[in-house]
Amino acid sequence: MKKITLLGVFLVSMVGFAQTNKQKIQTYFENNRSKYGLSGQDISDLTIQNEVLGSGTKITSCYVSQRYNGTEIYNIQANVSIKDGQVLRENNTFIANVAQKVNATAPVLTMYEAASRAYSQLGMGSDASFTQIENLNGKTILLSDGVQEDPITAKLVYQPMGNQLKLAWAFQFYTHDAKHYWSVRIDALNGQVLDKQDLTINCTFGNGRHSEHNHGFNFYEAGFKNSAESVLEVNAGSYRVIPYNYTSPNHSPFQVITSPSNALASPNGWHNANAIGGTTAGLIFTYSRGNNMLVQEDANGDNGTGTRADGGAELNFDFSYPGPTGIPNTYTNASITNLFYMTNIMHDVWYQYGFDEASGNFQQNNLGRGGVVSAAGDAVFGDAQDGYSQTTPTLNNANFTPTNDGVRPRIQMFMWDLGAPPTNFIMINSPAPIAGPRAATTNVFEGTDQIPVPVAPNGITADLVLYTNVPNNGTAQHNNPITIHNACFPATNGFELSGKIALIRRGNCNFSNKVKNAQDNGALAVIVYDTVPNNPVRLSMSSTGILGITIPAVFVTKEIGDALAAEVANGPVNATLEVPADLYRFADGSFDNVVIGHEYGHGISNRLVGGGLAGCMTNYDQMGEGWSDWFGLMMQIKAGETGVEPREIGTYVINQPNDGFGLRDFPYSTDMGVNPRTLVDSNLPIPADPADTAYRYKIGEFWASCLWDLTWAYVEKYGFDADIYTGTGGNNKVMRLVLDALKLENCNATNIVTGRDNLFAADQATTGGADYCLIADVFTRRGVGLNASAGSANDCNDQVEDFTAFPEGPNCTLGVNYFQAKDMFRVYPNPSNGTFNVRISQYVGKVSMQVVDINGRVVYNTNNEDFNVEKTVNLSHLQTGMYVLKVNGSEINFTQKLMIN
């Protein structure tokens with residue numbers, strides 16, 4: 001980590017511009033304050049926090065903060081759109097009657113005292129020594145705690161609390177283990193925590209518990225070398241990577257790509273952090289660092305200085321990857337290189353569509369092109385192979401920590417074993433009829449009791465012996481013969497166990513006790529077998545306390561154990577216990593370009609929503625996961641592909657085939673038989689546990705489904721252009737449209753309906769509404785029609801869907817043959833008890849109808865039937881639930897969700 005000193009200075013040329021817009025905004029609110037129920041005092045101290053220009057819309061989005069006596073009301077904001085010198089529209093969350101709601105005008109606690117309270121109450125200790133690094137315009141302070149180099153941001157604010165505005169100190173800081181980035185408000189009068197959010201966006205996508213698949217050994221090698229610092233002259237570089245428009249090593253071989261940087265976004269290339277044309281040696285690097293990124297390994301999870309891939313003076317980053325059976329530290333450089341490449345590609349591509357310096361992008365040097373300027377800049381820290389070598393590894397995750405513009409964020413890519421196949425730790429050598437591998441799991445005994453299985457070719461080879469003991473006494477199973485092999489009591493065949501591999505039945509005592517009893521009788525290793533038939537849980541044996549275990553132990557299914565026990569009864573069974581040479585160890589998240597794009601996408605959306613303020617996407621209705629899925633997927637589109645083809649997220653990291661189910665409930669597809677999501681599916685109750693983030697994915701998957709439909713509607717209308725930087729196809733148009741719409745969002749007020757409406761607004765400002773009907777049709781088809789409601793932006797369970805078509809706009813072209821005008825079609829009643837009427841206004845001809853269930857199975861099908869305006873479809877034989885009706889005919893392509901009660 002590097003010390004960050006934020007200067008927070010905008011270009012001088014922007015000052016006069018800001019003053020002009022401020023006057024217009026002040027006049028607007030004075031003329032409209034009664035509309036919002038605001039007093040003159042409520043709007044007397046407005047300030048423009050940032051101004052961002054829409055790349056296509058040419059709208060200047062002014063992010064206006066509400067203040068009282070110069071103190072900001074925390075994240076209370078208006079987003080005011082100005083174009084051609086006029087206020088076009090605005091969204092605000094301003095609070096009325098501020099003067100009556102504030103509780104104080106001066107703090108009781110100093111900033112340092114409040115920082116100590118924040119640290120103490122968030123488990124950071126109470127003995128930190130805080131010092132000031134920088135005072136930003138007298139409002140925002142940067143602090144050091146004397147331990148970590150990442151700064152603490154601090155400012156005095158008013159925190160909304162019900163009908164009160166409480167004076168508070170607002171802080172943002174990493175925890176010392178770097179697993180959280182807290183945004184917390186501390187009461188400036190009494191030191192209580194008023195509100196807090198963890199801004200680190202973890203995308204675990206699943207269970208992620210390492211105990212489900214524990215290899216029991218550590219691959220980390222200490223003493224990584226520090227790469228050379230810099231050279232005066234560098235070339236454009238070459239990188240052995242997965243090309244950005246392929247997902248993973250399962251989708252494309254590695255290729256050496258030369259000179260991939262973009263001259264507009266990265267005019268000095270990817271390894272030079274000078275101003276344009278600068279030659280300062282200390283800012284030119286041969287390793288995985290430059291103006292946009294610093295990527296290094298962080299295997300021990302401390303966010304410290306790990307190894308960095310070094311390409312030498314020629315910037316030749318050509319490192320091999322042996323596959324998921326390789327030991328991670330043998331391909332660390334390959335992992336770093338792909339992460340460095342893909343994040344720089346994301347920087348350069350999205351720069352073309354408006355994520356530039358003035359819009360808050362991530363660069364060490366802003367090259368004189370606007371945005372917040374700081375001494376260290378805000379290039380992204382990238383951590384590869386994060387945390388896998390810790391005593392308790394951090395696995396099955398990827399995250400992004402958004403920060404304020406000018407402060408360095410962090411992307412962390414982890415190793416994944418969530419989809420690792422069962423490991424064949426056991427090889428039966430004889431007798432020949434049963435010879436072959438057997439799957440097993442290792443134990444997760446506590447501390448030094450966890451003895452790793454030896455690695456091939458140094459395995460333990462011996463005969464199996466069934467552990468025998470007296471039946472359990474003093475229990476309900478007294479004298480029960482099934483307990484005589486559970487090793488809960490001293491062995492009655494201790495002599496036979498010595499020098500052998502003990503076979504033990506599960507049950508009646510702790511796993512560690514069983515292993516210790518076998519060890520005390522001289523066993524070399526232990527195989528414990530399950531008692532639950534066809535158990536779907538891949539159990540890893542656990543324990544509490546340390547017994548002094550010195551031998552390895554593995555666990556197998558009941559079916560495997562019963563078969564081995566039966567064979568042992570017939571004669572000697574010889575086996576080898578070892579880690580196989582072809583062990584599947586990990587999928588490295590740094591080789592999944594969609595996951596990288598997803599995480600970097602969190603950085604884009606978090607900088608654009610709210611105008612560069614971290615913490616503006618913490619409301620329950622925000623669609624960050626959806627934007628991020630879309631950012632990742634947009635990089636993958638290739639010529640010849642279609643929208644109906646299923647697109648999965650994360651098949652590589654969870655070791656599924658490329659057409660596997662992935663990490664989402666449904667693949668992304670314009671075919672509603674594949675992805676049937678409508679607005680109602682985005683509902684999920686507000687979680688009782690703040691750590692429960694399932695609601696984010698419910699809302700996100702629906703939003704990404706809409707954006708994916710929108711993408712292919714644009715491609716259908718305007719064609720596809722493979723030039724992702726400067727092309728003019730539908731894919732390029734929609735990329736610009738979505739970024740322009742993001743700039744119209746307001747801090748912690750975004751929801752699915754505002755997202756839709758901002759797309760309308762961006763299209764209107766860019767084209768005069770040429771694509772109004774296209775956008776309307778996309779959203780109406782998925783239930784975000786004219787009367788749809790997102791409810792409160794802070795309630796993720798109150799979305800109400802509606803399929804009412806929007807009024808036809810002046811530029812609407814009904815001839816677009818991707819989504820037809822919905823006022824031609826009607827299905828009623830819906831929901832029903834199974835009988836539906838399908839009406840197609842003024843249509844007479846042949847149609848084909850198909851109904852599919854949520855699993856994609858066809859449950860009703862007719863072909864080329866005569867149709868005359870309306871037809872009744874009887875589906876009463878089907879079970880209650882959701883289905884999708886697809887109707888096709890001459891120039892007709894219609895899809896509708898059906899609900900059977």
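Which residue in E20 is the bridge partner of Gly382? The views below are of a predicted model, in which local features need pLDDT of at least 70, side-chain atom pairs count only at pLDDT 80 or more, and totals for chains, interfaces and linings use all residues. Residues are numbered from 1 along each chain as its sequence is written, and side-chain values use heavy atoms, with hydrogens and water left out.

**View 1. Strand E18 and its paired strands.** The bridge partner of Gly382 in E20 is Ile411. E18 and strand E20 (residues 410-416) pair in the parallel sense over four bridges; strands (E, at least two residues) and helices (H or I, at least four) are DSSP runs numbered from the N terminus, and pairing requires at least two DSSP bridges. Strand E15 (residues 293-297) also runs parallel to E18, joined by five bridges, and Gln296 has Asp383 of E18 as its bridge partner. Seven of the seven residues of E18 (residues 380-386) are buried, so this strand is largely enclosed by the rest of the structure; buried means under 20% relative accessible area with a 1.4 Å probe, protein chains only.

**View 2. The crossing of helices H4 and H8.** The axes of H4 (residues 332-351) and H8 (residues 593-608) come within 10 Å and cross at roughly 50°. Axes are lines fitted to C-alpha atoms over the stretch in contact, with angles from 0 to 180 degrees between N-to-C directions. Residues of H4, including Met342, Met346 and Trp350, meet residues of H8, among them Ile596, Tyr600 and Ile604; contact means heavy atoms within 4.5 Å.

**View 3. Surroundings of Trp630.** Residues up to four places away in sequence aside, Trp630 touches Trp350, Leu707, Trp708, Thr711, Val734, Met735 and Val738.

Key: Buried means under 20% relative accessible area, exposed over 50%, partly exposed in between (1.4 Å probe, protein chains only).
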